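Open the model in your viewer and keep the selection panel at hand. We will go from stop to stop, selecting as we go.

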Amino acid sequence: MMRCLAEIAAKGVKTDKGFKEIHIGQAAKALTKLVGYDVTTTQVTNHLRKWKIRYQRIKKLRLLSGALWDDDQKMIVLEDQHYLGHTQDTPKDAEFLNTPLVNYEYMEACFANKLATGKFAMGSNEPLGKPIEVESLEKPIDLEGGETNGEGFVQGEIPINFGVQGLGATTPSPSGSTNNKKRKRVLSDEDTVQVNNMSDALRDVAGAINNTCHTETHPDLCKTVMDLTNFDMDERLAVLDYLTEHKGKGLNFMKMEADVREASFKRIIAKNPDLV
């Protein structure tokens with residue numbers, strides 16, 4: 001099956017989104033002829049998925065620290081001590097290490113250009129059609145030569161001068177420039193209003209969620225509030241209504257020490273003058 005699909009890929013057929021049904025059908029027919037009984041396209045698809053998972057695992061293992069690649073034998077090579085330590089931690093990886101990988105060339109032909117590796121990632125300020133440099137097994141980035149501008153670090157931290165087209169981003173400065181000024185995004189008045197409205201809406205949602213976290217008031221809340229005789233009855237009734245409505249705050253109020261509770265009472269009245 002893998003040999004048949006590899007031959008299809010080698011003919012230049014576009015398989016960047018996977019093999020098409022017609023190609024799966026060709027492989028199924030070839031297998032049927034080989035084994036002497038019917039092989040369905042579903043069986044081929046499931047089997048192909050298994051081999052793709054194996055190839056993804058192999059690609060990750062090739063990136064292990066200290067791992068070497070024997071291209072003649074198609075084998076990931078680890079030193080004995082490293083191999084023993086790794087396989088003790090991850091026994092399932094043993095079948096892929098220090099042993100020739102069966103059907104690796106077929107897997108590479110079928111899947112090598114179809115995995116999302118970031119190899120063709122584009123910078124936000126790069127014009128279309130100009131790939132940025134990306135570190136890979138075949139082309140590592142030189143960290144000591146001083147020629148790298150840092151764009152290849154697709155998994156690193158976002159640089160401070162990162163910009164987005166259409167939001168006030170400036171064009172990248174020439175290589176070697178010492179200009180370290182931050183690039184700022186410029187929002188229009190309309191955008192600012194929308195952002196503020198969204199912030200207010202989020203605060204309202206957060207408040208609603210907080211209020212619905214608790215469905216019951218503390219059974220002693222009424223008595224505790226009414227025992228605060230330093231405050232007049234109207235204030236106590238207003239605060240009781242407030243804490244009953246905001247059940248989470250009511251529970252916190254009950255957990256406070258006496259002096260802290262009185263301070264909290266005064267704060268509720270001060271921040272909500274309309275209560276009384």
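Is His23 buried or exposed? Select His23 and look; its place is in helix H2. His23 is buried, with a relative accessible area of 8%. Leaving out residues up to four places away in sequence, its contacts are Leu5, Ile8 and Val13. Remember throughout that this is a predicted model.

**Colour by confidence**

The chain has a mean of 76, and 67% of its residues reach 70 or more. Which elements have the lowest and the highest mean pLDDT? Helix H6, residues 189-212, has the lowest at 70, and strand S2, residues 75-77, has the highest at 93. Next, select residues 116-121. The pLDDT is below 50 there, and the stretch has four contacts in the model beyond near neighbours in sequence. Then select residues 143-171. Here too the pLDDT is below 50, with 37 contacts in the model beyond near neighbours in sequence. Where pLDDT is low, predicted coordinates should not be read in detail.

**Helix H1**

Select residues 2-10, which form helix H1. Show side chains for its buried residues: Met2, Cys4, Leu5, Ala6, Ile8 and Ala9. Step past the helix to Gly12, which follows H1 and has a positive phi, near 95°.

**The cysteines**

Cys4 is buried, at 18% relative accessible area. Where is the closest cysteine sulfur to that of Cys4? It is in Cys110, 9.1 Å away, which is too far for a bond. A disulfide is a covalent bond between the sulfur atoms of two cysteines. The cut-off here is 2.5 Å between the sulfurs, and by this rule the count of disulfides is zero. Jump to Cys222 for another cysteine: Cys222 is partly exposed, with a relative accessible area of 41%.

**H2 against H3**

Select residues 21-35 and 41-62, helices H2 and H3. Their axes come within 9 Å and cross at roughly 100°. H2 is therefore roughly perpendicular to H3. On the H2 side, show Glu21, Ile24, Gly25, Ala27, Ala28 and Leu31. On the H3 side, show Thr41, Val44, Thr45 and Leu48, which they meet. Colour these contact residues by type: six are nonpolar, three polar and one charged.

**Strand S2**

Centre on Ile76, in strand S2. Ile76 counts as buried, at 1% relative accessibility. Which residues does Ile76 touch, not counting those up to four places away in sequence? The contacts are Ile58, Leu61, Arg62, Ala67, Leu68, Trp69, Phe96, Leu97, Asn98 and Leu101. For a distance check, pick the C-alpha atoms of Ile76 and Leu64: they are separated by 9.5 Å, with the residues twelve apart along the chain.

**H8 against H10**

For the last stop, select helix H8 (residues 233-245) and helix H10 (residues 258-271). They pack at an angle of about 85°, with axes 10 Å apart. The two helices are therefore roughly perpendicular to each other. From H8, show Glu235, Arg236, Val239, Tyr242 and Leu243; they meet Phe265, Ile268 and Ile269 in H10. How do the residues of this contact divide by type? Six are nonpolar, none is polar and two are charged.

Key
Residues numbered from 1 in each chain as written. Predicted model: local features only at pLDDT ≥ 70, side-chain atom pairs only at ≥ 80, totals over all residues. Heavy atoms only, no water. Axes fitted to C-alpha atoms, helices over the stretch in contact; angles between N-to-C directions. Helix = DSSP H or I, 4+ residues; strand = E, 2+ residues; numbered from the N terminus. Parallel < 35°, antiparallel > 145°, perpendicular 65-115°, else oblique. Contact = heavy atoms within 4.5 Å. Nonpolar A, V, L, I, M, F, W, Y, C, P; charged D, E, K, R; others polar. Buried < 20%, exposed > 50% of the residue type's maximum accessible area, 1.4 Å probe, protein only. pLDDT = per-residue confidence, 0-100.
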